[in-house]
Amino acid sequence: MSNKWFETVAVAQRRAQRRLPKSVYGALIAGSERGLTYQDNMKAFGELQWAPQVADHKPERQLGTTVMGIPISLPVIISPTGVQAVHPEGEVAVARAAANRGTIMGLSSYASKPVEDVVQANPNTLFQVYWSGTRDAMLHRLERAKAAGAKGLIATLDWSFSNGRDWGSPWIPEKLTLEAAMRFAPQAVTRPAWLIDFLKTGRVPDLSTPNLAPADGGPAPTFFGAYGEWMSTPPATWDDIAWLREEWGGPFMLKGVTRLDDARRAVDAGVTAISVSNHGGNNLDSTPASIRMLPGIAEAVGDQVEVLLDGGIRRGGDVAKALALGARAVMIGRAYLWGLAANGQAGVENVFDVLRGGLDSAVLGLGHSSIAELSPADFYMPPGFRRELGAGTAAAAPAAAPKPAAAKARPSTRRTKPEPAEPRPDDAVALGNA
């Protein structure tokens with residue numbers, strides 16, 4: 001393919017699917033059970049219909065903001081994702097791409113590259129941790145991230161790991177032993193470009209988690225070893241979250257908030273920011289789309305902490321809708337991984353450019369000069385769109401945003417193909433790309 005540039009994230013996804021071994025691509029799709037949350041994360045954005053202006057468009061638009069005290073050129077940051085076996089440079093390539101586009105890198109503690117290398121590639125790195133292992137082990141990880149220069153901490157609690165997918169789960173070995181390599185070989189040889197990229201480096205993905213290496217200098221655990229530690233660790237309490245925030249002593253984001261009462265507790269725990277997230281549909285299936293829960297949470301605590309959205313972002317227009325509903329910025333996961341798989345660092349930069357262009361177009365078409373001017377008045381929100389969880393049984397359902405006159409349209413009589421009742425294993429569009 002001579003021209004590796006792509007015009008939408010959907011194109012990047014199709015190229016990633018053609019390039020990656022089936023099980024590697026399947027790990028990116030993920031989701032759980034029937035994939036309802038996974039589908040809704042994207043479907044919900046399409047229910048919000050723009051009300052564009054016809055004249056008085058502004059010749060210049062301001063798209064920058066700050067997140068946890070860090071200035072960024074556009075309100076899109078990298079969400080931390082685990083072991084990135086889609087490209088040999090993994091998180092380092094992603095960090096460089098984010099730095100080149102003037103934004104923040106979120107690094108998972110389950111990453112395939114050490115925090116020191118990633119911070120060197122992008123000084124504006126936020127390190128992510130799970131509540132996993134002993135407090136001493138967690139303190140060691142925090143101290144290592146601080147020493148490396150990480151500027152903030154992300155605590156991820158929205159991970160309950162519902163097991164089982166109706167379309168089947170990908171096979172992922174614990175270690176790439178000879179036996180595992182032989183089993184994986186039929187997939188790898190059908191994707192020679194992916195295999196050659198790794199062979200050029202003289203190594204293959206070892207599925208280890210270097211940022212979880214113990215303080216005594218022992219070997220880093222594998223992904224499944226780390227998962228086992230998390231499984232055996234008692235779940236975090238709100239006191240634990242406050243302790244973690246205090247021990248870090250700097251900007252602190254709590255990821256995975258879906259309820260109003262949890263958002264208020266996060267404020268009480270002293271967090272800097274919260275991410276409204278359902279873990280990309282990998283948590284409890286049938287949790288609402290993140291964008292449906294965002295407005296209520298932003299209204300409840302947005303004047304006390306920074307509110308971000310994570311889940312379903314595929315276009316710049318999605319970013320604009322999240323900002324209009326109260327998000328300071330959004331986090332992207334699968335979108336940048338598909339860009340990384342499609343074209344390495346340049347592919348991640350391409351994803352940022354696609355999102356920037358779409359966001360700028362939305363701000364322009366709505367007659368604004370800044371993302372700060374975006375509001376619910378810019379689109380029609382259908383009745384029943386919002387979900388306010390944890391508000392109490394007596395809480396009345398919020399009214400839909402008023403429908404701007406410009407947004408009125410006659411119902412379409414065009415017949416459309418119905419959505420499939422169940423996800424299909426190799427049909428990413430049907431799965432929802434959340």
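So, strands β9 (residues 273–277) and β10 (residues 306–310): they run parallel, and 5 bridges join them. Strands here are DSSP E runs of at least two residues, helices are H or I runs of at least four, and both are numbered from the N terminus. Serine 277 has aspartate 310 in β10 as its bridge partner.

Quick note on where this comes from: it's a predicted model, where local features need pLDDT of at least 70 and side-chain atom pairs count only at 80 or more, while totals for chains, interfaces and linings use all residues. Numbering starts from 1 along each chain as its sequence is written, and side-chain values use heavy atoms, leaving out hydrogens and water.

Okay, zooming out to the sheet. It's open, with 8 strands paired in parallel, in the order β4-β11-β10-β9-β8-β7-β6-β5; pairing takes at least two DSSP bridges between two strands. At the edges sit β4 (76–78) and β5 (105–107), each pairing on one side only. From one strand to the next, the twist averages 30°.

Now, what lies across β4 and β11 (329–332)? That's α14, running at about 165° to β11. Angles go from 0 to 180 degrees between N-to-C directions, with axes fitted to C-alpha atoms, for helices over the stretch in contact.

α14 (residues 334–365) also packs with α1 (residues 9–19), at about 170° and with axes 10 Å apart. So the two are roughly antiparallel, the word for angles over 145 degrees. Contact means heavy atoms within 4.5 Å, and among the residues meeting there are Val9 and Arg19 from α1, and Trp338 and Val354 from α14.

Methods:
Parallel < 35°, antiparallel > 145°, perpendicular 65-115°, else oblique.
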